Amino acid sequence: MFKNYFKIAWRSLKKQPFFTFLNTFGLAIGMAGGLLISLYIYDELSYDKMFADADRIYRIDVDIKFGGDTQKYAVSPAPMADALKNDFSEVELVTRFRTRGSALIRRSNAEANVKEEQTTYVDPTFFEMFGIKLLNGDPKTALTEPNTLILAKTAAEKLFGASNAIGQSLLLNNEETYRVTGVIEDLPQNSFLRDYTIFEAMEGYEDSKIVNWGSNNYQTFIKLIPSANVNDIQEPLRAFLGKYVIPGVQQFMPGITEEQFKAAGNHLIYSTIPLTDIHLHSHLVAEISANNDIQSIYILSFIAIFLIVLASVNFMNLSTAHSLKRAKEVGVRKTLGSNKVDLVRQFLVESGLISFLSLALAFVLALIALPFFNTLANKHISIPFANPVFWMILLGSTIVLGLFSGSYPAFFMSRFMPINALKGGGQKSVGGGKIRNSLVVFQFAISIFLIVSTLVVYQQLKYIQGKDLGFSKDQVLIINDVYTAGAKVASFKEQVKQLGSVKNATLSSFFPTPSSRSNTAFSPEEGATNQENAITMQTWDVDYDYASTMGFKFIAGRDFNKKFGNDSTAIIVNETAVKIMGVSPEEALGKRYTNDLGTENPKYYGIIGVVKDFHFDSLREDIDALSFHLGNEANAMAIKLEAGDFSNTIARIEGIWNTIVPGQPFDYYFMEDSFNDTYQSERRLGNIFIIFTILSLLIACLGLFGLAAFNAEKRVKEIGVRKVLGASVSQISTKLTLDFLKLVGIAILISLPIGWYAMNKWLEDFSYRIDIPWWVFVLAAFLALVISVLTVSYQSIKAAIVNPVKSLRTE
């Protein structure tokens with residue numbers, strides 16, 4: 001029986017190639033888009049699940065409010081590890097990471113350095129904690145001695161080629177000698193350690209042994225025993241404030257108690273987050289790697305569902321529009337004895353066949369689009385051809401989609417009355433107009449919502465691009481790793497400043513681009529031991545040319561100046577710091593603060609200037625309190641360039657660099673590019689919205705096209721009568737078009753409020769955001785109307801120009 005159904009279905013589809021193409025193409029677009037998004041979501045949800053016992057691993061986070069500043073950190077104090085092991089029998093293992101950013105590395109007998117972008121100190125429990133296997137070396141001893149490290153396979157091959165790296169000596173940053181004790185496989189791209197290639201022994205990092213509960217610098221992970229419940233350690237963790245932190249800061253604030261700390265409105269709360277939740281649910285200060293947002297997963301999930309549902313709805317509308325041409329076939333079948341069940345099965349087999357044809361086309365489209373999609377999403381996704389579960393899910397989904405898409409057309413056509421069908425009155429035998437109209441409204445409501453979302457995302461990005469950041473980011477070149485020049489770095493700066501195409505240059509390790517930084521608590525000279533007078537600020541080491549190179553605006557006081565001999569004990573603060581102090585910018589001048597109150601002779605810094613607030617983090621964040629002081633340590637140099645031929649200037653700077661530090665990599669970037677990279681996720685989201693908005697509109701238009709064809713065919717005699725009575729082609733086509741514009745109008749009324757609400761929720765993630773302009777909704781509605789008119793007008797005009805003699809000849 002099924003074989004017969006299949007033969008008839010295949011013949012039916014071959015007889016109507018245009019209808020088959022429209023249905024297959026519409027479903028294929030939805031399926032291909034759904035497939036790509038599903039692979040992306042699967043990859044995002046799989047982060048860090050490859051590690052052994054990942055479900056028992058947690059990270060310690062801390063939420064701190066102190067000195068007028070509230071921050072949530074992904075790092076905790078160095079002694080946290082020992083406290084966890086001593087206080088909790090539920091804790092099986094503890095491992096700490098202390099990230100140190102990029103490093104220049106070379107073999108001890110080589111002259112040229114190789115740059116590795118991400119390096120970290122790590123405890124020797126690293127291997128056991130995450131189940132990481134060594135390709136070479138002994139995991140029991142690999143990280144137990146100072147000045148030892150392990151390399152990822154790629155880094156080992158880059159440095160040693162095919163030679164055995166074990167026991168070899170390496171020089172880090174031209175000063176630290178390390179011995180290679182292990183090599184591991186490159187860590188997966190869907191892990192939080194994906195960018196790290198060098199792991200140094202924590203044993204050689206002296207800061208890790210200091211009991212300092214006031215400094216948070218270590219990513220601390222715990223593995224619980226199998227029978228433990230993580231909820232049981234939450235309250236004891238909170239008690240660490242009174243048990244460890246308050247006693248640990250007594251040297252800075254003698255006599256302070258936990259009650260006084262809390263009474264001043266402060267808090268410090270330790271908590272845990274599962275390892276497998278970090279990538280999508282954690283956006284704290286000092287994350288070990290860049291994370292995504294669960295919100296983007298929800299958005300993409302909805303888009304995938306919308307695409308597939310739109311494609312399915314499109315299939316229904318096209319099938320019902322085409323059904324009247326098959327009314328006589330249904331009438332003959334019923335007359336010859338076919339019952340309703342047989343007809344439903346026949347039509348479901350046809351829809352299933354179209355679904356599998358669509359699946360084949362969707363695969364081709366997905367394979368073609370995958371490289372572009374990977375570039376767009378910054379991923380390395382591939383289709384898992386060898387995974388049987390993937391095929392089972394895919395085939396099962398295709399069958400379900402075929403049944404779902406074909407169910408309404410199957411039951412619609414199987415209800416045709418034989419007498420009406422054979423007389424050519426199939427359209428009178430059933431209704432269903434409300435359902436078909438509702439489907440069109442649904443399709444366009446989704447499409448209009450996506451148009452609104454796309455416009456809002458791009459308006460927010462445009463706002464970010466054009467916002468006054470409080471400094472000049474344009475034409476600023478950053479040279480990394482200038483510390484390799486040693487004592488010659490000042491000479492390098494002066495030689496660069498002599499170039500005619502260079503306006504100014506400055507040395508520092510801190511620039512106003514989003515990066516990981518730390519805060520320091522400052523206490524005033526008067527009332528220093530009173531915690532309510534403390535202020536938490538970031539502290540940046542800068543030189544005399546920093547403010548002028550960056551283009552900061554002073555609202556009170558002055559910049560650092562070599563004419564003043566005491567500027568080594570001076571600081572410059574921003575507006576936010578002054579607001580927390582509770583004084584005016586002018587009143588802040590001369591006030592003295594210290595950040596080493598616990599020492600015998602604390603060093604006080606006098607405020608000599610106040611700069612206007614500028615954005616040095618993402619616009620999602622509020623501006624924090626900030627201070628500058630003169631320092632000699634600098635990892636980078638910022639160069640303000642004149643407008644012109646940048647490539648020639650960069651080549652000349654590189655020539656100076658190679659003269660001063662031959663063999664050292666010349667690594668640079670433009671500050672504006674770094675700023676733009678901060679909003680890559682928003683750009684990707686905007687591009688994804690554009691692509692899938694176009695796809696949804698295409699599918700919706702196919703559905704509207706189908707309904708217009710159905711409507712025109714159903715009303716062919718009505719149109720003939722109107723023409724006989726004197727109606728013009730324009731009048732008839734206008735009437736037919738207006739019927740559909742009413743549906744689009746309903747879709748507009750439904751989708752615009754939803755779009756306004758949803759995008760306002762998305763904008764809440766930004767501290768600095770746009771108010772959604774009215775014209776976004778007007779433009780979205782206008783585009784929907786124009787697209788629908790263009791889609792429907794073809795069928796309307798085609799129906800209106802038919803000779804009424806042909807349409808009325810059976811009457």
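Predicted model: local features only at pLDDT ≥ 70, side-chain atom pairs only at ≥ 80, totals over all residues.

**Entry 1.** Strand 12 (residues 476-480) and strand 22 run antiparallel, and three bridges join them.

**Entry 2.** What is the order of the strands in this open sheet? I read 13-21-12-22, four strands with antiparallel pairing. Strand 13 (502-508) and strand 22 (668-670) stand at the edges with a single partner strand each, so each has one side left without a neighbour in the sheet. On average, neighbouring strands here are turned by 20° against each other, direction ignored. I also noted a handy rule: in a regular strand, side chains alternate between the two faces of the sheet.

**Entry 3.** Then I looked for helices on this sheet. Helix 17 (residues 489-497) lies across strand 13 and strand 21 (636-641), and it runs at about 165° to strand 13. Helix 21 (residues 646-660) packs on the sheet too, touching strand 12, strand 13, strand 21 and strand 22. The direction of helix 21 makes about 30° with that of strand 12.

**Entry 4.** I moved on to another set of strands. Strand 3 (residues 91-107) and strand 4 (residues 114-122) run antiparallel, joined by seven bridges. A hairpin of six residues leads from strand 3 to strand 4. I found R98 with its bridge partner Y121 in strand 4.

**Entry 5.** How do strand 4 and strand 9 run, parallel or antiparallel? They run parallel, with four bridges joining strand 4 to strand 9 (residues 198-201). I picked out T119, whose bridge partner in strand 9 is I198.

Technical notes: Residues numbered from 1 in each chain as written. Heavy atoms only, no water. Pairing = 2+ DSSP bridges. Helix = DSSP H or I, 4+ residues; strand = E, 2+ residues; numbered from the N terminus. Axes fitted to C-alpha atoms, helices over the stretch in contact; angles between N-to-C directions. Contact = heavy atoms within 4.5 Å.
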